[in-house]
Amino acid sequence: MTLAETLAAPGGSERPMAGLAMLTEGEQARIDADRAGAERQLPDATVIELFQRQAARTPDAPAVVSDSGTLTYAELNERANRLAHHLIAQGVGPEDVVALALPRSATLVVALLAVLKTGGAYLPLDPGHPADRLAYTLRDAEPVRVLTDTATRDRVADSKSPLLLLDQPADGDGYDPAAHEAVDPVRRHAAHHPAYVIYTSGSTGRPKGVVIPHAALATFLACMADRFPLTAADQLLSVTTISFDIAALEICLPLLAGARVIVAEQEAVSDPDRLAGILEDSGAGIMQATPSLWRMLLAVQPDAVKGLRVLVGGEALPPDLAERLAGSAASVTNLYGPTEATIWATTEDIRPGVRHGIGGPVWNTRLHILDGLLRPVPVGVPGELYLAGEQLARGYLGRPGLTAERFVADPYGAPGARMYRTGDLVRWTGRGTVEYLGRTDHQVKIRGLRIELGEVEAVLAAGPGVGQACVVAAEGPGGLRLVGYVTPHPDGAATGSVAPATDVPALDTDALRRHAGLTLPDYMIPAALVVLGELPLTANGKVDRKALPAPEPTATAGDPGARPVTGTEVLLAGIFAELLGVEDVGLDDNFFHLGGDSILSIQLVARTRAAGVPLTSKDIFRAATVRALAELVDSTAHGPNDGLGEGPAPQSATAAGPLPLTPVQRRFFETYRTDPHHYNMSVQLELAPDTDHDALIRAVTAVMARHEALRTRFTGSGVERTQHIVPESEPVPVARRDIFGVTARELAEVMDRAAAEAQASLDLTEGPVARAVLFDGGAGSAPRLLLVAHHLVTDAVSLRILLADIHSAYRQARDGEPVTVAPVRTSFAQWAARWYEHARDGAFAAELPYWKEVLENESAPLPLDGPGPNTVATEAEFTVELDESETEVLLRTAPAAFRVRTEVILLTALGASLSGWAGGEGVTVDLEGHGRGELFDDLDLSRTVGWFTAIHPVHLSVPADQPPRARVKLVGRRLRAVPGQGLGYGALRYLQREPALVAAPAPQVVFNYLGRFDDAPSAARGGPVRAVLPAVAQQSDRAERPHLLDITGVVTGGRFRLAIRYSSVTHHEKTIAELSGEFLRELRALLG
């Protein structure tokens, strides 16, 4: 009624609409009360002075913990002081910008504090960003110095600013800390001087630098210290990249309170399993992260946030995630704020069952929700959010025009006051808090990082053959993603292109992605690119974003319009889709180009055979498309199950008597002489809380009984041992153990002890060689199933078979049905006997010259950091990974482009990185494979449990001067030359014991690509298993490691992960980290 009353007043109808009141006096008073944060008088001290006071109070307390060790407050302050004095001597002072190009480490914290001590402003750079983006930032900011280290210097080598290498002596590009005082420098800065400059995405196509003064940072941290009080006993886990402004809270807040900041390395932040382990091991009580990271962490470790103070911000907090966090964490606070208002401007506590928003203002901050005429809007009415107060940035570095556009006069503040136009659409709630609704422009946040769509559009528009470009944020299978729409340039300047639609001009989208990757960081490269003849327009000539079509699935090889029609085609396409996690499979889609690998091909064979389609692994490699496989099947005119039972029936090893060892088993006893009984493959299965325990016990018992290899016994000594299978009257032990009252933090220790006990109980001679234990924690606690089997009787493929069988058997037992485990058509005993006879008859003799030639190649020896025993006790692991989009390219796009399997691409990158490190022209590595190649057409190993692994040497020589395609093709030809998938090498080396092969030096590196391994193989399909977790101590600490480096690649959770296991005595972590980084660089170069 307010508007009507105003119009009815004398002269009201003659007043302009802009001058009419929209709020009642009561509404205005309420909004005035809600929009202002608490007013606090703050001391003049800046952040660095507050830190120095804390260091003086608690000099011996731990301040920073990182992989390189722990620094006390005194040590941290002294190191920062010495560096600060060096920089001051070089002329650094207020209004100067100093760039930080350093990995996440204690050194980064030292450098940040040192710059603040000089009175200058730090400019944080992420070394992982593209070189072009780093170069632009350095050109635009013109820092007086760039602080970096030897490992990172190449990323900023083009900078015109002088580099200072913090890990080098003064006679190089470094400095001598001992040459400078350790005392605090005299304060040289005022509150209005810049503390840091952060670059954010810009709508004009280039990032812009936001200048934050000391006063704003000090005000913010004082408020956060009150909002999230810390004591000397507290530890904050820092996980955010330094180029994201919220990292300043993670570093500074603990250091002003005498608490401890734990700096997680970047690889750990990208690995939710490692991150969960750090949280648990460190005892950290508070952590800040984006919703994307919290969701990723909860997916692998649902209990990771128990007892934790959770700070979440950087992007919209979905209601379901808010509920999960609030239901487990000690407290959850949702935070909101643009970089231009110093990190966070509003906070809201999250409570279970209560709808959340972005809360209310922090200290000394005012919120204005205004309409297009800058008038306050009523409660519940959307408006644009403006921020005012002490935390506002000075503006944009070197951009006075843009500063004036975004930082405008505050009509509701004191004379001269400013307010920042956020572009965020919000509204007041009835509780006096703010609810976020979206953006008023084309800015989005993905994975917590702000993206101006205009910047991405500008890069795409400058790409090869592009006429126009438009980018939107759209929901995809993994959440919000960028989708780019491009039109070809009128002159048709596209090369090597493919037509994405029948009536659309050609445009090379792969080249466009590579072009974008030169300038944009990974998170800003569109996940999908759509080529259109023209962009749809609105009536006023603007791009009609709502009319843009949804991106289509990746075009298939062959005819993209061909669909499965026959029964065989439909069946095969369905199995392809289920195995590979794709929604739609065309008739000409290639199994390997869609992400399949040799291990998945075994599962494909098993599923097709179960459906009555007689395929072999050889068939999959010969005819990899739905069309070709269907033609192969139909041309043989088999009926259901025809031919699958041909050949000798599986022979019972119990009746056949002792069996010879297979090559890999002989290799085991020759290599692992210390505590051979301990070498096992163990997994923990995290089960759904509602799992029927009795049904699961019945299921596991039935599955263990079905696979006779799990009842193997070994007799004799050395490599002359034999093996035999005991009858079902000696079953695999399946036990139940109560763990009532065990807390989430105690569970890992309890499981580790249980795994150690189970592993120690294995007995190769008397048995058992496998066992299962169900851990029951009572109501409300997720149970776990521990499976332990000696490696002599199982492998990675076998684990997949066991898990699939347990899933199927459990569903039968749970539903009250008789448990029937699918038959095993070929026993391990039958295969071992046939293999031995085949090798003894000289089947592999013709391969001997090939293997001699491979081992005669000169292999560069790996550099060592030190001498020492290469034992399991000294083993450490370092992991790196690709993100989901890069993994998609590795599994599908790149194999299709190069016409090779994924393994070839990985080995090309590995060969190049190892050769570069070792300084030679090539390196010989042991290559592990699943070893289930079909030597015998009448034997079906798709459901056989046992150790089939085949290990053979391959020489990797990857010329550095060749383009990516040529390098991949070279390695592909070398691998295709391997006879019989390498199966013959084991027979010649370990069965025939050919002298030339026995005497040859053993490779120092072993590589195994495991393909895809589903983290939760059955929970989504009604089974009991929610997650598959590794068990510890699968080998004896006293055992010798046969290789210096054991490298494994696996795809799990949609990401490719490379793990390098090494001896911490022979190699330092930094060395392996550098090698891993080089591998990723080589791999990304191949992926384009």
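Contact here means heavy atoms within 4.5 Å. The model is a predicted one, where local features need pLDDT of at least 70 and side-chain atom pairs count only at pLDDT 80 or more, while totals for chains, interfaces and linings use all residues. Residues are numbered from 1 along each chain as its sequence is written, and side-chain values use heavy atoms, with hydrogens and water left out.

**View 1. Helix 7 and what covers it.** Helices (H or I, at least four residues) and strands (E, at least two) are DSSP runs, numbered from the N terminus. Helix 7 takes in residues 214-227, and its 14 residues reach 20 Å from first C-alpha to last, close to the 20 Å expected at 1.5 Å a residue; that expected span is 1.5 Å times one less than the number of residues. Look for its buried residues, among them His-214, Leu-217, Phe-220 and Met-224. Buried means under 20% relative accessible area, exposed over 50%, and partly exposed in between (1.4 Å probe, protein chains only). The cover over these buried residues includes helix 3 (47-57), helix 5 (106-118), strand 7 (194-200), strand 8 (208-213), helix 8 (247-255) and strand 14 (346-349).

View 2. All the way along strand 39 (residues 1045-1052), eight of its eight residues are buried. Side chains in a regular strand alternate between the two faces of the sheet. Here, Leu-1045, Ile-1047, Gly-1049 and Val-1051 sit on one side, with Asp-1046, Thr-1048, Val-1050 and Thr-1052 on the other, and both faces are covered. Two strands pair if DSSP finds at least two bridges between them. Strand 37 (residues 1005-1012) pairs with strand 39 in the parallel sense over six bridges, and Arg-1012 stands opposite Val-1051. Strand 40 (residues 1055-1063) pairs with strand 39 in the antiparallel sense over eight bridges, putting Val-1050 opposite Arg-1057. Two residues lie between strands 39 and 40 in this hairpin, where Gly-1053 takes a positive phi near 60°.

View 3. Ile-343 isn't a glycine, yet its phi is positive, at about 75°. Find Ile-343 in the loop between strand 13 (331-336) and strand 14; this residue is buried, with a relative accessible area of 0%. Arg-993 isn't a glycine either, and has a positive phi of about 50°. Its loop runs between helix 30 (983-991) and helix 31 (995-999), and at 36% relative accessibility Arg-993 is partly exposed.

**View 4. A cis peptide bond.** Gly-767 and Pro-768 are joined by a cis peptide bond, with omega about 0°. Pro-768 is in the loop between helix 23 (744-760) and strand 32 (770-776).
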